[in-house]
Amino acid sequence: MLRLPAVAGQFYPADADALSEMLSELIPSVSPTDKTDAIAAVSPHAGYIYSGGVAGETFAGINIPEDVIILGPNHHGIGPPLALMDKGEWETPLGRVPVNSDLAALLIKHSDVIEADESAHESEHSIEVQVPFLQKLQPSLRITPIVVSRIPVETCLQIGKEIASAIKEYGKSVLILASTDMTHYESRSSATRKDKYALDRILSLDPEGLYDSVMRMKISMCGIIPTTIALSAALDLGATNAELVRYTDSGETSGNENRVVGYAGFIIS
């Protein structure tokens, strides 16, 4: 399968030169000595004019390996609960990125829940908007994309461990990337107050506490499932630290503080 762009020209420029120039502006220059060999990361997936600064700052602080597992929420309800595109290529204005079929096969081997499925990926933007950032920083990029729907916390923790087992067998450096925005369409004061509960749980490397806080506080964090899974996997792979790169909201760009969407970037190592 060749997965064509679904939101180029909407969330980010469809022209290769314009996109590359925008990414250069969004990704700050960071000395190699200040970059981290991260186990996992969390990045937002809104239009680049809103959340691209947070994403760019997050990716700039990471030594992006050739292999990235990207977990994104399913906004359209298409496909199985954990839909893995296990072969083919993804096209963006910057070129084509191969799907790592070897790593995908290991994920299916280690999990009874992850299923090979292409349909969930065709229109889903949550993974797509991450790919140009990764391409810009890693010319030899391979991705393993998984679209996830709402599942119980116990299943999230199980899948995290299964992803960790697959990575251990794979034997090469892999970054786990969770794609999420934070609170949606509330005032800045409300979003900031609610999101702090979730941010604190991520900083504490507490996947169960994160899931519980989001459900109990009714935080409209669309990527709660990807983030919970990523935290579980990172812990199984030895993570001991989470750094909040930046938290902001769409009001920073739009000027509207009454109805914002929150954005956060984390590096987990």
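**Group meeting: surface, fold and aromatic pairs**

The accessible surface of this chain comes to about 10,500 Å², and 47% of that belongs to carbon and sulfur atoms. Please keep in mind that the model is predicted.

Next, the overall build. Of the 269 residues, 55% count as buried. The chain has 10 helices and 12 strands. Its radius of gyration is 17 Å, close to the 18 Å given by the globule rule for 269 residues, so the chain is as compact as a globular protein of that length. Taken along the principal axes, the box filled by the C-alpha atoms is roughly 45 × 45 × 40 Å.

On contacts: counting those with a separation of 6 or more, 82% are between residues 24 or more positions apart.

Now the aromatic rings. How many aromatic pairs does a search of the whole structure find? The search gives three. Take Phe59 and Phe133: the ring centres are 5.6 Å apart and the planes stand at 35 degrees, so this pair is tilted. Phe59 belongs to helix α2, residues 48-60, and Phe133 to helix α5, residues 131-137, so the pair ties together parts that lie 74 residues apart in sequence.

One last item concerns a charge and a ring. Arg3 lies over the face of Trp90, at 4.4 Å from the ring centre.

Technical notes. Residues are numbered from 1 along each chain as its sequence is written. This is a predicted model: local features need pLDDT of at least 70, side-chain atom pairs count only at pLDDT 80 or more; totals for chains, interfaces and linings use all residues. Side-chain values use heavy atoms; hydrogens and water are left out. Rings of Phe, Tyr and Trp (its six-membered ring) pair if their centres lie within 6.5 Å; planes under 30 degrees apart count as stacked, over 60 as edge-to-face and the rest as tilted. Helices (H or I, at least four residues) and strands (E, at least two) are DSSP runs, numbered from the N terminus. A charge sits over a ring if NZ of Lys or CZ of Arg is within 6 Å of the ring centre and within 35 degrees of the ring normal. The radius of gyration is taken over C-alpha atoms; the globule rule is 2.2 Å times the number of residues to the power 0.38. Buried means under 20% relative accessible area, exposed over 50%, partly exposed in between (1.4 Å probe, protein chains only). Contact means heavy atoms within 4.5 Å. Accessible areas come from the Shrake-Rupley method with a 1.4 Å probe; for residues, only the protein chains shown count as cover.
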